[in-house]
Amino acid sequence: MEITVLGKYGPFAKNGGSTSSYLVKGKSGYIMLDCGAGSVSKMLSMIDINELECLVLSHTHFDHASDILVLSYAIDFLRKDEPLAVYMPNDNSKLFNLVNDLDAFKVIPIREQSDVKYFFNDYKVKFYKMEHPVLTYGITLDEGRQILGYTADTKMCKNAEDIAKYATFLIADGAFLDKDFTENKPHMSVGQVVNLAKKYNVKTLISHVGYNYTDGEIEEEIKEFDNLVEVAKENKTYKV
Ligand SMILES: [Zn+2]
């Protein structure tokens, strides 16, 4: 499995970067995880849109979802077959209802129940409800030997632990340096993500990087564990 970081910032980027989005390559196509600002142009520069099997939106915060509106145009102009499948939480938000009304998409509301079996491409998929101010799902993609985990946006919680425990490669929300973190923030800190990576010995990318941080500041906080934890790099492809 390969994953390319399209966007790693939140809640916006101010340095030419993009907000949360990742492109996962499977045996028969690609899965896009989140669709933040600036991600669609990058995705289209890397693959043919007809190779995209589905899009998963972890939640409807705009830094994870705003490019879905221009994606609908790209689908209208460039995609040959049926609408793109979009898995997203039904939070009854304006964005959910807007996306649900667009012909370019076939929206499938995410359900967490254990009797629901999802398979994307060649991956077994599981969704996890996270702790964030709106309905948010983390995800694991299991191809047998390798398992990608994505926490989406969340406070530290049991499901963040469960994803880290199950995954062999983790993308985690480490939005705050410890100096700026308090328990009431809706995200994890870099230090919390480092602890999660250590506890479950899982290779981890810190993502959802705050717009006001440099990679160097974050690397300073993870330097002891730089064989296990690194800051996500946009446009870089990682082997899971
Ligand atoms: Zn969010």
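I took axes as lines fitted to C-alpha atoms, for helices over the stretch in contact, with angles running from 0 to 180 degrees between N-to-C directions. I took helices (H or I, at least four residues) and strands (E, at least two) as DSSP runs numbered from the N terminus.

**Entry 1. Basis**

I note that this is a predicted model, in which local features need pLDDT of at least 70 and side-chain atom pairs count only at pLDDT 80 or more, while totals for chains, interfaces and linings use all residues. I number residues from 1 along each chain as its sequence is written, and side-chain values use heavy atoms, with hydrogens and water left out.

**Entry 2. Helices α6 and α7**

I looked up how α6 packs on helix α7 (residues 215–222): the angle is about 45° and the axes are 10 Å apart. That angle makes α6 oblique to α7; angles under 35 degrees count as roughly parallel, over 145 as roughly antiparallel, 65 to 115 as roughly perpendicular and the rest as oblique. I recorded a right-handed crossing of α6 past α7. A crossing is right-handed if the near helix is turned clockwise from the far one by less than a right angle, and left-handed if anticlockwise.

For contacts I used heavy atoms within 4.5 Å. On the α6 side the residues are Val190, Gly191 and Val194, and they meet Ile218, Glu221 and Ile222 of α7. I sorted the residues of this contact into four nonpolar, one polar and one charged. In this sorting Ala, Val, Leu, Ile, Met, Phe, Trp, Tyr, Cys and Pro count as nonpolar, Asp, Glu, Lys and Arg as charged, and the others, Gly among them, as polar.

**Entry 3. Helices α5 and α6**

I then turned to helix α5 (residues 158–166) against helix α6 (residues 190–200), where the angle is about 45° and the axes lie 9 Å apart. That makes α5 oblique to α6. I found the crossing of α5 past α6 to be right-handed. Ala160, Glu161, Ala164 and Lys165 of α5 make the contact with Leu196, Lys199 and Tyr200 of α6. I counted four nonpolar, no polar and three charged residues in the contact of α5 with α6.

**Entry 4. Glutamine 192**

I located glutamine 192 in helix α6. Leaving aside neighbours within four places in sequence, I found glutamine 192 in contact with Met156, Phe181, Glu183 and His187.

**Entry 5. Phenylalanine 105**

I placed phenylalanine 105 in strand β7 (residues 105–109). With 6% relative accessibility, phenylalanine 105 counts as buried. Not counting residues up to four places away in sequence, I listed its contacts as Ile68, Leu71, Ser72, Ile75, Pro83, Leu84, Val86 and Val99. I also computed the C-alpha separation of phenylalanine 105 from asparagine 159, which is 29 Å for 54 residues along the chain.

**Entry 6. Serine 66**

I found serine 66 in the loop between α2 (62–65) and α3 (68–78). Serine 66 counts as partly exposed, at 31% relative accessibility. Beyond its neighbours within four places in sequence, serine 66 is in contact with Cys35, Gly36 and Ala37.

**Entry 7. Backbone geometry**

I kept in mind that most residues other than glycine have a negative phi, and most peptide bonds are trans. I recorded a cis peptide bond between glycine 10 and proline 11, with omega about -10°. Proline 11 sits in the loop between β2 (9–10) and β3 (21–25).

I noted a positive phi of about 65° at aspartate 34, which is not a glycine. Aspartate 34 belongs to the loop between β4 (30–33) and α1 (39–46), and its relative accessible area of 0% makes aspartate 34 buried.

I noted likewise that asparagine 235 has a positive phi, near 70°. Asparagine 235 lies in the loop between β16 (229–231) and β17 (237–239) and, at 46% relative accessibility, counts as partly exposed.

**Entry 8. The whole chain**

I counted seven helices and 17 strands in the chain. Buried residues make up 55% of its 240 residues. Among contacts between residues at least 6 apart in sequence, 55% join residues at least 24 apart.

Note on methods: Buried < 20%, exposed > 50% of the residue type's maximum accessible area, 1.4 Å probe, protein only.
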